[in-house]
Structures are given as C-alpha cells and as structure tokens.
Amino acid sequence: MATENKNLSEYDKNSIPNAKDFRFGIVVSEWNESITEGLYNGAFEALLENQVPPQQIIRWNVPGSFELIYGAKKMLQTQKVDAVIVIGCVIQGQTKHFDFVCEGVTQGIKDLNVQTDIPVIFCVLTDNNMQQSIDRSGGIHGNKGTEAAIAAIKMAYIRQQASMSHHIDNQHLLSSGALQIEEGSPLELKE
C-alpha cells in the first residue's frame, strides 16, 4: 500500500503557501460517516492551521460518494471558492458495486478538473476493509483529509499564480507593443 510507511498528516508547514485569503469548499459523503467525519476533521483542522478563517470554509453533505460529483459541480457553479475537496469512503464488498462507484467517482472528479478552472481535490478512500479506512482517517497512517487540504492549498496557489502570470504576460504584450489592436476592432480604445 502507498500509505503503509507514510503518515498522511505530516507535512512541512514552511513549504505551504499562505492560505489566509483563499476560500475552500468541502463536499462530504454521509455514507461511512464515521470515516468521512474523520477525514473532514483532518481537512478542516489543516486549513485552520494554515490560516484559513473558518468562515472561508464551506461544507456541504451529500448522501454517498457517487453524489460527490454533483455536489462538487454545484459548489463550483454557485460558490466563489478557490478549491473544492471531495471526501468519501467506499469499502470493498462482495459485489462489483465497489468497482463501479470507485471508477465513476474517479472519472467524474477528473472531468470536473478538466472542465473547470477550479481544482477539485480527490479525498475518497477506496479500501478493502473498514480497518484500512480507520487507519487513513485519523488512525495509524494519519489522515488523508489533512493531505487533501494541503493539496487544495497548493492547487489554489498554483491557480492564483497562473492567473497572475497570465495577467502580467498580457500587460507586457500591451506595453511592449507586441499586441497590436487594429483600428475599428472592438478592443480599440475610444476617447
């Protein structure tokens, strides 16, 4: 397992960008609630620890992990957030249901990341048994929610920096004269 020799809650606080001005959405599945609450608590505490004010953290609950996609989509459409974290837990059973849910949620969150400009962070445990989920939601392997919050901060920062860089590049083009606006163009400045 990827987390076997790693504590998911450990990170270098000095390497985390300043997050005090970011706004985060967290969509939490109610299925396997004891696990998803642990993940949420890890994410929430990590955001607070990195100077995100509590009023800048929005939580929405959805019934299950499959509904995380719709919840995240609606949050992206209606809330002014810099990143969304989706939190869920799917535990292997005796049927193919596990495979379909895991594949669907993974692809749905990937699609949101491709289709929108706001990062959606995947914090869905897909474990073989309940003990593995306990171990990764505040147990012996730390908390995947903490790891997801740190990823959200880093991705919000990358988005911010890319936006600033794009703005600076456009300003440079305008001031250097490299970008020419033709007379009569809708972009032409009128006096």
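The following legends describe close-up views of a predicted model.

View 1. Helix α5 spans residues 144–176 and contains I150; helices are DSSP runs (H or I) of at least four residues, numbered from the N terminus. I150 is buried, with a relative accessible area of 6%, where buried means under 20% relative accessible area with a 1.4 Å probe and protein chains only. Apart from residues up to four places away in sequence, I150 touches Y11, I16, A46 and N50 (contact: heavy atoms within 4.5 Å). L47 lies 103 residues from I150 in sequence, yet their C-alpha atoms are 7.5 Å apart.

**View 2. The aromatic pairs.** Two aromatic pairs are counted, with ring centres of Phe, Tyr or Trp (its six-membered ring) within 6.5 Å; planes under 30 degrees apart count as stacked, over 60 as edge-to-face and the rest as tilted. The F22 and F24 rings are edge-to-face, because their centres are 6.2 Å apart and their planes meet at 75°. Both F22 and F24 are buried. The rings of Y40 and F44 are stacked, because their planes are at 25°, with centres 5.6 Å apart. Y40 and F44 are also buried.

**View 3. Charges over tyrosine rings.** R59 lies over the face of Y40, 4.2 Å from the ring centre, and K13 lies over the face of Y11 at 5.3 Å. The criterion is NZ of Lys or CZ of Arg within 6 Å of the ring centre and within 35 degrees of the ring normal.

**Notes.** Residues are numbered from 1 along each chain as its sequence is written. Local features need pLDDT of at least 70, side-chain atom pairs count only at pLDDT 80 or more, and totals for chains, interfaces and linings use all residues, while side-chain values use heavy atoms, with hydrogens and water left out.

Terms used. Helices (H or I, at least four residues) and strands (E, at least two) are DSSP runs, numbered from the N terminus. Buried means under 20% relative accessible area, exposed over 50%, partly exposed in between (1.4 Å probe, protein chains only).
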